[in-house]
Amino acid sequence: VLLLPVAFRALRPARPRGPLVEVVTAVVLLLGTLELYIRPWPAAYDSRSLVTWLMDGTHMFSAAIWLGGLTALLVAAIRVPAAPELRFQAWSSAIRRFSFLASVCVGATVLSGLWTAWIHVGSVERMFTTLYGQTLLIKLALVLGLVGIGAFHQLWLIPRVEAVRATIGREVSHGAVLLTHFRRAIAAEVGLGVAILLVVPFLSGSARNQDAQIKATDLAQHGTSGDLAMTFTPSALQPGPVDYALALSTHDATKVTVGFESILLGVPATNVAAKPADDGTYHVAGIYTPIAGPWQARVMVERPGHDVQALSFDLPVKAQAIPLPKAPAPPVLASTKLYAAVDVAVVVASIAGILLLSRWLAARQSRNAAP
């Protein structure tokens, strides 16, 4: 609310900007930063909670500066008119300044994101077996696209911009071409940034918790009878309608029957023929365990040239559903600290290396372009 009127006023070239824009921008940046850090203030004051709070705030702050800066550059690139020489001089300076700032934000985002991934995911396997991990993979793919375009800026665009700056009087048309490339790249980055913001709301919960809940609610039971292996999976262990899926290790069964009984409850067996499904499994659905208590399911399989093969499975039916557990917090071990130190060193070295390589390429391009 504070920033938008001032921003629109600043985009009007006929009116002098004055100190109002800087003051309001500083106030808005301060308020936004406080909101990012105060709202998720940790309930506990142990070291893990404080570090997680700091990393979460840093992740959002650096991403906001990165994506918000890209959006501002795109708006300015469309709105700000100027003579070709002045436009290129202004934009070359803006590109260099923002590229350095964006590189710092990328490093902060990556490092804080690694901490968050360790807290909420913890293993590569959970990236593929949980909804949280799969959503995170989509986000990471989009972020890699942003980083790739940023590397294009640093290693291709900025060195050529510096070379054109040295010959701006003779290469105005070349500068205009570079600005066209810049606007297209910025537009692509903003599009990826919007896609990331659309994905982020789906990153709810934790892959660790989801993995623990998947394992807790996995009701599959396994058994063997001779050369026959079977997986028996009820959809629930509560009274009421339940679907029972049977996966057999053989495909030559001519008849599969399931008998439901409870000896302790005094309920005699009810035999039901299982129906084959298109995926090769067999299913029985219905109310065959109407009350809570210890039930048994006896599966009988008829095959050509074999005696009837039978397997029994226990069905501990309860009145209430199994409570969903939460995974314990990952312990901070010596190896954890070592991995963290290595992550920081690799990210800082990578960002610094790209910046130094960009400067070297820029100096080389400028020397080649000098008269």
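Two residues are in contact when heavy atoms of theirs lie within 4.5 Å. The legends below describe a predicted model.

Figure 1. His-153 is part of helix α6, which covers residues 131-166. With a relative accessibility of 6%, His-153 counts as buried, because buried means under 20% relative accessible area. Leaving aside residues up to four places away in sequence, His-153 touches Ile-158, Pro-159, Phe-182, Ala-185, Ile-186 and Glu-189.

**Figure 2. The start of helix α8.** A cap sits at the N-terminal end of α8, where a side-chain oxygen of Ser-206 lies 3.2 Å from the backbone nitrogen of Arg-208. Helix α8 spans residues 207-216, and its buried residues are Ala-207, Arg-208, Gln-210, Asp-211 and Ala-212. An α-helix has 3.6 residues a turn, so residues three or four places apart point the same way.

**Figure 3. The pair of Trp-41 and Trp-53.** A pair of aromatic rings is described by the distance of the centres and the angle of the planes. There are nine aromatic pairs in the count. In one of them, the ring centres of Trp-41 and Trp-53 are 4.7 Å apart and the planes stand at 70°, so the pair is edge-to-face. Trp-41 belongs to the loop between α2 (20-38) and α3 (47-79), whereas Trp-53 lies in helix α3, twelve residues apart. Which of the two is buried and which is partly exposed? Trp-41 is partly exposed, at a relative accessible area of 44%, and Trp-53 is buried, at 17%.

Figure 4. The rings of Phe-260 and Tyr-288 are stacked, with 4.9 Å from centre to centre and 5° between the planes. Phe-260 lies in strand β4 and Tyr-288 in the loop between β7 (282-286) and β8, so the pair ties together parts that are 28 residues apart in sequence. Phe-260 is buried, with a relative accessible area of 1%. Ring pairs join Phe-232, Tyr-244, Phe-260, Tyr-288 and Phe-313 into a cluster.

**Figure 5. The open sheet of four strands.** The strand order is β5-β4-β8-β9, and the pairing is antiparallel. β5 (267-273) and β9 (309-317) stand at the edges with a single partner strand each, so one side of each has no neighbour in the sheet. On average, neighbouring strands of this sheet are turned by 20° against each other, direction ignored. Strands β4 (residues 255-262) and β8 (residues 293-302) pair over seven bridges. Opposite Phe-260 stands Ala-297 in β8.

**Figure 6. The open sheet of five strands.** This sheet is antiparallel, with the order β1-β2-β3-β7-β6. Its edges are β1 (221-225) and β6 (275-276), each with a single partner strand, so one side of each is left without a neighbour. Five bridges join β1 to strand β2 (residues 228-234), where Leu-228 is the bridge partner of Ser-225.

**Figure 7. Strand β7 and its partners.** In a regular strand the side chains alternate between the two faces of the sheet. The covered face of β7 holds Tyr-282, Val-284 and Gly-286, and the uncovered one holds His-283 and Ala-285. Strand β3 (residues 242-248) pairs with β7 over five bridges, and Leu-246 has Tyr-282 as its bridge partner. β6 pairs with β7 over two bridges, and Pro-276 stands opposite Tyr-282. Five residues lie between the strands in the hairpin of β6 and β7, where Gly-280 takes a positive phi near 90°.

Definitions and conventions:
Residues numbered from 1 in each chain as written. Predicted model: local features only at pLDDT ≥ 70, side-chain atom pairs only at ≥ 80, totals over all residues. Heavy atoms only, no water. Pairing = 2+ DSSP bridges. Axes fitted to C-alpha atoms, helices over the stretch in contact; angles between N-to-C directions. Buried < 20%, exposed > 50% of the residue type's maximum accessible area, 1.4 Å probe, protein only. Phe/Tyr/Trp six-rings, centres within 6.5 Å; stacked < 30°, edge-to-face > 60°. Polar contact = N/O pair within 3.5 Å; in protein donor to acceptor, adjacent residues only side chain to side chain.
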